[in-house]
Amino acid sequence: MRIIEALREAAAAGAPLVVAQLGQSLDGRIATPSGHSHYINGPEAITLLHRLRAEVDAVLIGAGTARADDPQLTVRHVDGPSPARVLIDRRRSAGARLKLLADDGRRRIVFGAPLADDPPGVETIPADAPLAPAAVLAALAERGLNRVLVEGGATTVSLFIAAGAIDRIAVLVAPMIIGSGPTGIALPPIDRLDGAIRPVVATETLPGGDVLFDCDLRGGQNVAR
Ligand SMILES: NC(=O)c1ccc[n+]([C@@H]2O[C@H](COP(=O)([O-])OP(=O)(O)OC[C@H]3O[C@@H](n4cnc5c(N)ncnc54)[C@H](OP(=O)(O)O)[C@@H]3O)[C@@H](O)[C@H]2O)c1
C-alpha cells in the first residue's frame, strides 16, 4: 500500500510526512444526522487505520471527534508502537477526561490551555485563535514529531487540506448509501472543475468491500502549498 510505503520511506529518510484518513459512504457521508458513525467502514479499514497509526510519530484529531467519539488513538489491531496523541481544542470543550489523554506513557499534547484535571504529563500549547495547520505542524516538528496522521474529523482534515498541509490521504469508501448527514471533505468553493484538486490515486478493494482511494496530493494538480 503506497501510503504505508511513503511513511516508511519518510521515516528512513528522517523526512516529514503528513497523511490523513477519512472513511465515508458512497454518497460521501461520515455519519447519520444524529451523529451515528460506528461503523461506516469494515474491520479491514479499521486495521488499515491502526497500521497508519503505527507508522507515524503522532496522531491528531480535532475537538469535535474527541467530544463525539472519545477515541483511544492507540495501536491495537496490528503490531507496532502507539504514536503520540494530539488534540486541537483551543476552547477545551472536550474536557480533560478523555481516553486519549490517559497517562499510559505515550506523549499527549493539547493545543489549548491546561485544565486542572488534565492527567499527569499532558503537554499544552497555547492556542488563543484558530491555528494555521502549518503552525500546528511546526510546533509538533519542534517536539520531534515529524510524521503525522490527521485522523479526523472532517473539519480538521478539510482545514489541513485547504491549507496544503496534507501530503497523502487515504479515503475509504464503504459500499453504503446513508443519504443524509454530514459530509467528509469540504473546501472553499470553486467555480470550475479545472480548479478541482486532482490527486494521483491508487485504488484497492479491501476484503470487506470498502474501496481505498490512496491519494498522493503532492503529485496531483491544484493542491495549495
Ligand atoms: N469517518 C471518519 O473517518 C471520521 C474520522 C474521525 C471522526 N469522524 C466523525 O467526525 C465527527 C467530528 O468531526 P467534526 O468535523 O465535527 O470535528 P473535528 O474535525 O473532529 O473537530 C473540529 C474542531 O477542532 C478544532 N480545530 C480543528 N482544527 C483547528 C485549527 N486549525 N485551529 C483551531 N481549532 C481547530 C475546532 O474546535 P473549536 O470549534 O472548538 O475551536 C474545530 O471546530 C464525529 O461525528 C466523528 O465521529 C469521522
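Guide: This is a predicted model. Begin with one residue and list what surrounds it. Setting aside neighbours within four places in sequence, R108 is in contact with R85, L100, L101, A102, D103, P119, P120, G121, V122 and E123.

Visitor: Where is R108 found? Is R108 buried or exposed?

Guide: R108 is found in strand β4, residues 108-111. R108 counts as buried because its relative accessibility is 3%, and the cut-off for buried is under 20%. The side chain of R108 reaches the backbone oxygen of P120 at 3.0 Å.

Visitor: How do I read a helix?

Guide: An α-helix has 3.6 residues a turn, so residues three or four places apart point the same way. Now take α4. Its buried residues are P133, V136, L137, A139 and L140. These residues lie on the same side of α4, because they cover an arc of only 160° around the axis.

Visitor: Which exposed residues does the face turned away from the buried side of α4 carry?

Guide: That face carries A134 and E142. After α4 comes G144, with a positive phi near 80°.

Visitor: And how do I read a core?

Guide: In soluble globular proteins, nonpolar side chains tend to be buried together. Here the largest nonpolar core has 30 residues, and L60, F111, L140, V150, F160, I166 and I169 touch the most other members. Helix α4, residues 133-142, gives the largest share of this core, 4 residues. Another core, of 28 residues, lies apart from it and includes I3, L49, L101 and V122.

Definitions and conventions:
Residues numbered from 1 in each chain as written. Predicted model: local features only at pLDDT ≥ 70, side-chain atom pairs only at ≥ 80, totals over all residues. Heavy atoms only, no water. Core = buried A, V, L, I, M, F, W, Y, C linked by side-chain atoms within 4.5 Å. Buried < 20%, exposed > 50% of the residue type's maximum accessible area, 1.4 Å probe, protein only. Helix = DSSP H or I, 4+ residues; strand = E, 2+ residues; numbered from the N terminus. Polar contact = N/O pair within 3.5 Å; in protein donor to acceptor, adjacent residues only side chain to side chain. Contact = heavy atoms within 4.5 Å. Arc of directions from axis to C-beta.
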